[in-house]
Each structure stands twice: as structure tokens, then as C-alpha cells.
Amino acid sequence: MSNPWIAIGALALVALLIPVSMMVVSALLRPSVPEQGKTSTYESGEIPTGDTRIKFNIQYYMVALLFVVFDIETVLIFPWTVIYQDAVAEVGLARALVPMLAFIGVLVVALAWAWRNGAVKWVRSPRATAERTEH
């Protein structure tokens, strides 16, 4: 019997050698044409204006994080629903249902916390608020 770590080491070596060799070959074969335009910031063909350090609303990041959390929830719940009937037949209702209820419970607590702290409440712009009060 051979050692399984040899196969893992060979796979890791190949995983490192292929990208490194591609970068080396690319560096050797590509043309080098330095221009001033290549070093400037790309702004869709427009001349960059203003400071690059602008403040973004944290709400964008909170929505993205919540999306990732609940997307992962879906990825974990879907396979469980597929094998649920077989799991109940094999290990019983409690052992099949309690772990998933605990998982969903943790997510509900996280959603309640996010809701309470205003993470899911979208901030309205002053213009949208003004338009709403005029009608």
C-alpha cells in the first residue's frame, strides 16, 4: 500500500507548478510596450476626477453579508430536504430534525439581531423622502 500523503503532495505540487509556470511563460513571451496611459487609473475611458477615497454607505455591505449568509443557508438546507425522508427512516424523527431546527434557529436569531440593529432597513435619500411627502 502506498502512502496517501504522496498523492496529496503530488497534487499540491502540480497545483503550484501549473500557475507559476503559466506566469513565467507569460512574462517571457509578452511584449513590453510601456506607455503613460497604462499607468493611469482606468475610469471607463474618462479622465479620473476627485479623490478615490469616498465613503460608501455601510448598508451595501450589510445587504451583501446577509445575502451570503442566507445563500449559504439555502445551500445547506436543500440537500437536507432531499435526504430527510431517508434520514427519518434510518435514525428517527428527533435525530433527523433537531440539528436542522437548531441551524435554522441560529439563523433566525441572527436575522432578528440584524433587524433590531437596522441592518435590513434601507436608508432613504433626502430626495426620495421629499418626493414621497409631496404626493
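The model is predicted: local features require pLDDT of at least 70, side-chain atom pairs count only at pLDDT 80 or more, and totals for chains, interfaces and linings use all residues. Residues are numbered from 1 along each chain as its sequence is written, and side-chain values use heavy atoms, with hydrogens and water left out.

**Confidence and fold**

The chain has a mean pLDDT (the predictor's confidence in each residue, from 0 to 100) of 82, and 82% of its residues reach 70 or more. Five helices and zero strands are present, these being DSSP runs numbered from the N terminus (helices H or I, at least four residues; strands E, at least two). The pattern along the sequence is α-α-α-α-α. Confidence is highest in helix α1 (residues 4-29), at a mean of 94, and lowest in helix α5 (residues 126-134), at 68. Where pLDDT is low, the predicted coordinates should not be read in detail.

Contacts are heavy atoms within 4.5 Å; among those between residues at least 6 apart in sequence, 65% join residues at least 24 apart.

**Surface**

The accessible surface of the chain is about 12400 Å², with 68% belonging to carbon and sulfur atoms. Areas come from the Shrake-Rupley method with a 1.4 Å probe, and for residues only the protein chains shown count as cover. Of the 135 residues, 7% count as buried. Buried means under 20% relative accessible area, exposed over 50%, and partly exposed in between.

| Residue | Relative accessible area | Class |
|---|---|---|
| V25 | 44% | partly exposed |
| W80 | 22% | partly exposed |
| Y84 | 26% | partly exposed |

V25 lies in helix α1.

**Aromatic pair**

Rings of Phe, Tyr and Trp (its six-membered ring) pair if their centres lie within 6.5 Å; planes under 30 degrees apart count as stacked, over 60 as edge-to-face and the rest as tilted. The ring centres of W80 and Y84 are 5.0 Å apart and their planes stand at 55 degrees, so the pair is tilted. W80 and Y84 are four residues apart in helix α3 (residues 58-91), and therefore about one helical turn separates them.

Note on methods. Buried < 20%, exposed > 50% of the residue type's maximum accessible area, 1.4 Å probe, protein only.
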